[in-house]
Amino acid sequence: MDIDLIANILFATLRTGTPLILIALGELVAEKAGVLNLGQEGMVLMGAVSGFIVATVTGSLTLGVFAAIAAGLLMSLLFGVLAISLVSNQVATGLALTIFGTGLSAFVGASYVGQGIEGITPWIVPVLSDIPLVGKALFAQDPLVYLSWVLFIGVYLFFKKSRGGLVVRAVGENPEAANAVGMKVTRVRYAAVLFGGAMSGLAGGYLSLAYTPLWTEGMSAGRGWIALALVVFASWKVSRVMLGAYLFGAASIMHLVLQGLGFEVSPNLLAMLPYVATILVLMILANDAAKAKLNTPLSLGQPYRPQV
Amino acid sequence: MTLSINKKMAAFSVVAALGLTACGKAPETAEAPAAAPEAAAETAAPLKIGFVYVGPTGDAGWTYAHDEARKALEAKYGDKIETTYVESVKEGADSERVIGQLARTGNDLIFTTSFGYMNPTLKVAGMNPEVKFEHASGYKRADNMGTFFTRAYQGRYLTGLVAGSMTETNVIGYVASFPIPEVIRGINAFTKGALEVNPDVKVKVVWASTWFDPAKEREAAETLMLQGADILTQHTDSAAVVQAAEAKGKFAIGYHSDMAVYGEKAHLTATIHNWEPLYTAKVEAVLNDTWTSEDLWPGIAEGTTDLAPFADVVPAAVRELVDAKKAALKAGEMRVFDGPLLNQAGEVIVAEGETMEDGALLGFNQYVQGVEGALPKN
């Protein structure tokens, strides 16, 4: 393998991992607050279709990105009203959100299938992008990839350094206790869920405006579910989300790259690499049960009824 | 307590309603055109024709081509026919329900357009002997159920001529889905075309192991371009490969439909499906009471397989060559897999002066000379 090839694999790995980072960061924050939202796939698709439609109609990719975020926000608001205010079952509501988002995005996007747009182009940093090996991967990506790094650092610092991070965790660990010391449990959970929705919407916008600038039904192709597994894979640690997303990205690229290099490996075998990786990590986690337990938000998936 | 239960139930009913909205999408499209039959029935009793599609009608691919033919039928026959379609019907049990409903609501002829509808169509056909069925791409037939498919590989061969003539790196990339005979046949036909005009050409295949995942299709395309491919084509269902070629300033050849809109500079031509001649023949036969159950495999000669218009960059000499070969295929003067045909190991599959019969074509399970890499075991 020559250096150019490795540089290109790195480049593609970061790009492939980006939607996973965005979705998983959002879901991680929601889960830290004790809310399990299984609606990612639906929110991503709504983000993708809204971003694409707005970008096509207005001709502005920036507006498209904002529309994608807004669509994700609206979808998660719907989830919030049902699962937080009306205290419905989070798992059922999340699944319904996925089905709803998949159907609705197909419906509103029907007349936009088969259209092409000029997608978001990379911002190539001069000089730095010429660094051998890593230059292309780190300094020749599109702006949303850079944004995913900023968001990653933001979420990391939020949990590491800020009081807000502590509040979110307190609400996710023990909402009753958090309420007793005067924290607004419902409000915090809403904020966390909305953040998750915005991130999923952004990931959808990344898919339909930057990665593959087109809209087709079901174009997220299961990335919402992979991101969900990724949060478990990362055992609710922000830093591991990034690592895991790139690992998954690399695994799904390798399946194609190895074929290109002429290795005689079954593509089916290679295609399952990310999933095998997830199962392996789950097994490792299971071996260190106590540690995994410590990381899991204790009230995850449990509805909270405000005491009156 | 009561209050919270009520709240909970309210929440669930909203959720349920949302779920229903999503699920209700497909049948609704069917009901709209089906709403007017009574008024029409009194005057002329039009022939009612039903269509079952596996994807959305706007997929720029397989289903899109079928729906274009349906629209052409409507335009051609006007009041004499009445069409109904149901899109995005999942293969399996769901399709049996949809096909059965179309049969019960008075459709006289029903086209089911995906391989996975084979058994459901057969079952519904058994229960509705007065209704005629046409199933695409399958191999099971009944007295009231015929089958049809397209010789898309003929289009592949012609586009292979274009790719072989225009490549500068002598490496052509092919993003494929799954190693089944239909896909392998396409790769081989394409390679044979490319080799005929360029003995140095290599066709590199990357199996994406999916029919549809735009991001993965794009990465597969990038991989091929890294390996030196300067022309790409694909046997997957999105236009991501054409887009990837456009972004890198390479060329691409579309499949299913004219994909020029996705790559203004990249798109050279495409293998496209045109079901109109076949659908017209079938409708005509039902109208004249001459319909029989048969197995049709039309291609270039019948117009079922065709090419999208050439891009301006395709040289005149190449166009002439392709047009000449197309005419020869049409006239039956040649066939795509006429011998001598060698496999990768250089062994003769089809001897000189012979040709590959349909049975062998339907079971094609090895690469021909010119394809690089090993065929994955299925």
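Student: Which residues in helix 6 of chain A meet helix 9 of chain A?

Tutor: Keep in mind that this is a predicted model. From helix 6 of chain A come A:L144, A:V145, A:L147, A:L151 and A:V155. Their counterparts in helix 9 of chain A are A:F195, A:M199, A:L202, A:Y206 and A:A210. By class, this contact has 10 nonpolar, no polar and no charged residues.

Student: What makes helix 6 of chain A roughly antiparallel to helix 9 of chain A?

Tutor: Start with the angle: helix 6 (residues 143-161) and helix 9 (residues 185-211) of chain A pack at about 165°, with their axes 11 Å apart. Angles over 145 degrees count as roughly antiparallel. That is why helix 6 of chain A is called roughly antiparallel to helix 9 of chain A. The crossing of these two helices is left-handed.

Student: Which handedness does the crossing of helix 2 and helix 3 of chain A have?

Tutor: That crossing is right-handed. Helix 2 (residues 40-58) and helix 3 (residues 61-85) of chain A pack at an angle of about 145°, and their axes are 7 Å apart. Among the residues in contact are A:G42, A:G47 and A:G51 of helix 2 of chain A, together with A:G64, A:A68 and A:G72 of helix 3 of chain A.

Student: How many residues of that contact between helix 2 and helix 3 of chain A are polar?

Tutor: Eight are polar, 10 are nonpolar and none is charged.

Student: Now chain B. Why are strand 2 and strand 11 of chain B said to stand at the edges?

Tutor: Six strands of chain B form an open sheet with parallel pairing, in the order 2-1-3-4-5-11. Strand 2 (81-86) and strand 11 (295-296) of chain B each have a single partner strand, so one side of each has no neighbour in the sheet.

Student: How do you know that strand 3 and strand 4 of chain B pair?

Tutor: Two strands pair if there are at least two bridges between them. Strand 3 (residues 109-112) and strand 4 (residues 132-136) of chain B have four bridges, in the parallel sense, so they meet the cut-off of at least two. As one example, B:F111 has B:E134 of strand 4 as its bridge partner. Helix 6 (residues 118-127) of chain B lies across strands 3, 4 and 5 of chain B, at about 170° to strand 4.

Student: What makes strand 15 of chain B an edge strand?

Tutor: Seven strands of chain B form an open sheet with mixed pairing, in the order 12-10-9-8-6-7-15. Strand 15 (371-372) of chain B pairs on one side only, and strand 12 (305-307) of chain B does likewise. Two bridges join strand 7 (residues 202-207) of chain B to strand 15 of chain B, and these strands run parallel. There, B:V203 stands opposite B:V371.

Note on methods:
Residues are numbered from 1 along each chain as its sequence is written. Chains are lettered from A and ligands numbered from 1 in the order in which they are written. This is a predicted model: local features need pLDDT of at least 70, side-chain atom pairs count only at pLDDT 80 or more; totals for chains, interfaces and linings use all residues. Side-chain values use heavy atoms; hydrogens and water are left out. Axes are lines fitted to C-alpha atoms, for helices over the stretch in contact, and angles run from 0 to 180 degrees between N-to-C directions. Angles under 35 degrees count as roughly parallel, over 145 as roughly antiparallel, 65 to 115 as roughly perpendicular and the rest as oblique. A crossing is left-handed if the near helix is turned anticlockwise from the far one by less than a right angle, and right-handed if clockwise. Contact means heavy atoms within 4.5 Å. Ala, Val, Leu, Ile, Met, Phe, Trp, Tyr, Cys and Pro count as nonpolar, Asp, Glu, Lys and Arg as charged, and the others, Gly among them, as polar.
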